[in-house]
Amino acid sequence: MNQPTPPLSITTSQTIGPFPHEAWRWAFDPGDPARPVQIEGHVFDGDGTPVQDAVLEAWVPGVPAPGDRPGLPPGFHRTHTDEGGRFRFGLPAQAQADEPACYVAVFARGLVKHQFTAILPPGCSEAPLLDAVPVERRSTLIARGDGAAPWRWDLHLQGPSETVFFDFT
């Protein structure tokens with residue numbers, strides 16, 4: 001007699017492994033220097049060490065950009081960090097200075113679940129999104145720059161300078 005198969009238990013999520021940047025290389029956005037908003041920075045782990053194999057997906061909802069890839073949402077771009085933990089990507093112009101320039105999903109080894117955050121324009125202090133963030137941590141979402149040069153925004157996965165991450169379901 002066959003016994004019924006017992007229900008399977010729920011297992012934990014798996015990390016994305018040590019080589020996501022290699023597996024997704026086909027899907028990376030080479031960047032377009034003609035896009036008006038250029039963002040560059042580093043990804044750091046909890047010890048302040050650069051993360052050389054992180055993947056960042058940035059998007060500006062509903063805003064098409066030159067060089068958008070067919071089949072992907074408008075304003076969507078994917079990039080990865082290099083050996084020094086550096087990344088760079090370009091985005092279409094921001095419509096309002098008090099709204100996020102883009103939203104970012106971060107994938108990296110050791111993360112069981114990708115993390116969501118946002119990048120706000122330099123000098124932004126009144127965005128509604130900031131109301132959900134303690135005052136002392138708001139600066140982790142705001143890019144640095146003066147508009148003439150690329151914006152600078154570093155992402156810290158853990159530690160005293162940890163970037164604010166949001167639950168997105």
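User: What do I need to know about numbering and cut-offs here?
Analyst: Residues are numbered from 1 along each chain as its sequence is written, and side-chain values use heavy atoms, with hydrogens and water left out. The model is predicted, so local features need pLDDT of at least 70 and side-chain atom pairs count only at pLDDT 80 or more, while totals for chains, interfaces and linings use all residues.

User: What is the strand order in the open sheet?
Analyst: The order is S3-S2-S5-S6, 4 strands with antiparallel pairing. Strands here are DSSP E runs of at least two residues, numbered from the N terminus, and two of them pair if DSSP finds at least two bridges between them.

User: Which strands are at the edges?
Analyst: S3 (76–80) and S6 (115–119), each pairing on one side only.

User: How many bridges join S5 to S6?
Analyst: 5 bridges, with S5 covering residues 102–107. Tyr103 stands opposite Ala118 in S6.

User: Switching to Thr163. Buried or exposed?
Analyst: Thr163 is buried, at 0% relative accessible area (buried is under 20%, exposed over 50%, partly exposed in between, with a 1.4 Å probe and protein chains only). Thr163 sits in the segment after strand S8 (155–156).

User: What does Thr163 touch?
Analyst: Leaving out residues up to four places away in sequence, its contacts include Thr117, Arg137, Trp153 and His156 (contact means heavy atoms within 4.5 Å). A polar atom of the Thr163 side chain lies 2.9 Å from the backbone nitrogen of His156.

User: And where is Glu99?
Analyst: Glu99 is in the loop between S4 (86–91) and S5, and is partly exposed at 30%.

Definitions and conventions: Polar contact = N/O pair within 3.5 Å; in protein donor to acceptor, adjacent residues only side chain to side chain.
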